[in-house]
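Student: I have a model open and would like to talk through how its parts pack together. Can we go through it piece by piece?

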Amino acid sequence: MSPSHDKKPREPSRQAKPVVLSGPSGVGKTTVAELLLRKSPVPLVKSVSATTRPPRPGEVHGVDYFFLTPEEFFRRREAGEFLETAEVFENGVWYGTLREPVMRLLADGKWVLSVIDVRGAIALRDALPDAVSIFLLPESPAVLMERLRGRGTEDEETVRLRLQRAEEELRLADQYRYRVMNDRVEDAVARICAILALEAGLTGTYDPKGIVADGGCSPCTTN
């Protein structure tokens, strides 16, 4: 059944919420997130993840990532300073979401967008139960494969591993509160904006059509 909507306008939510966006590699998370940050109906800012990998040319500490040595990363993890951590592709590179920056932004009334993998997203949702979790779906496995191969930046073995991981992640999509198909970036962002408007009680601002219960044919479903 579709989510119920009050006949009387609801008061906007005064509580900022964490927003988790996940999806398989190649589904377009980064592109969707960039446009979402500009179009969001709520004051949305992106969470800066920590990583043990070295910075790439042009990347800035504290802006693109918090670049930590493995020793500092694991020390801070043991101290409970992370909301979630995950090793990506078991290649020795770790990523994580530091607790303090996220909680500070939420306390300041900012909704915080974390673009992270499925394992990290589930851990973050467990740490912050009010998180709005959104899984970005590809149009089809064939489209996802085409996107990964079309990058031209990875060898065939890396593509194979990413596709294998994508299959595993897609099986966990129903662990998320919402699932949104990225058939077109602008449409996917509009659907997510509708979700955020609903979560904030701004039903008069964004049309929530397309958000239906499981089993519907809409490209946006909710648990």
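Student: Which residues of helix 4 are buried?
Tutor: In helix 4, which spans residues 118-127, the buried residues are V118, G120, A121 and L124, where buried means under 20% relative accessible area, exposed over 50% and partly exposed in between, with a 1.4 Å probe and protein chains only. Helices here are DSSP runs of H or I with at least four residues, strands are runs of E with at least two, and both are numbered from the N terminus. Seen down the axis of helix 4, these buried residues fall within an arc of 155°, so they line one face of the helix; the arc is that of the directions from the helix axis to the C-beta atoms.

Student: And what covers them?
Tutor: The cover includes strand 1, strand 5, strand 6, strand 7, strand 8 (132-137) and helix 6 (156-170), with contact meaning heavy atoms within 4.5 Å.

Student: Before we go on, what kind of model is this?
Tutor: This is a predicted model, in which local features need pLDDT of at least 70 and side-chain atom pairs count only at pLDDT 80 or more, while totals for chains, interfaces and linings use all residues. Residues are numbered from 1 along each chain as its sequence is written, and side-chain values use heavy atoms, with hydrogens and water left out.

Student: OK, new topic: in what order do the strands of the open sheet come?
Tutor: Four strands form that open sheet in the order 4-3-6-5, with mixed pairing, and two strands pair if DSSP finds at least two bridges between them. Strand 4 and strand 5 stand at the edges with a single partner strand each, so one side of each is left without a neighbour in the sheet.

Student: Which way do the paired strands run, parallel or antiparallel?
Tutor: Strand 3 and strand 4 run parallel and are joined by two bridges, with A50 opposite F66 in strand 4. Strand 3 (residues 50-51) is antiparallel to strand 6, again through two bridges, and there T51 stands opposite Y95. Strand 5 and strand 6 also pair in the antiparallel sense, over five bridges, with T85 opposite G96.

Student: Is strand 6 mostly covered or mostly open?
Tutor: Strand 6 is mostly covered, since four of its five residues are buried. Helix 3 lies across strand 4, strand 5 and strand 6, running at about 35° to strand 6; axes are lines fitted to C-alpha atoms, for helices over the stretch in contact, and angles run from 0 to 180 degrees between N-to-C directions.

Student: What is buried in helix 3, then?
Tutor: P101, V102 and L106 are buried in helix 3, residues 99-107. Seen down the helix axis, the buried residues of helix 3 fall within an arc of 130°, so they line one face of the helix. Just after helix 3, G109 takes a positive phi of about 85°.

Student: Last one: at what angle do helix 1 and helix 7 pack?
Tutor: Helix 1 and helix 7 (residues 185-200) pack at about 50°, with their axes 9 Å apart.
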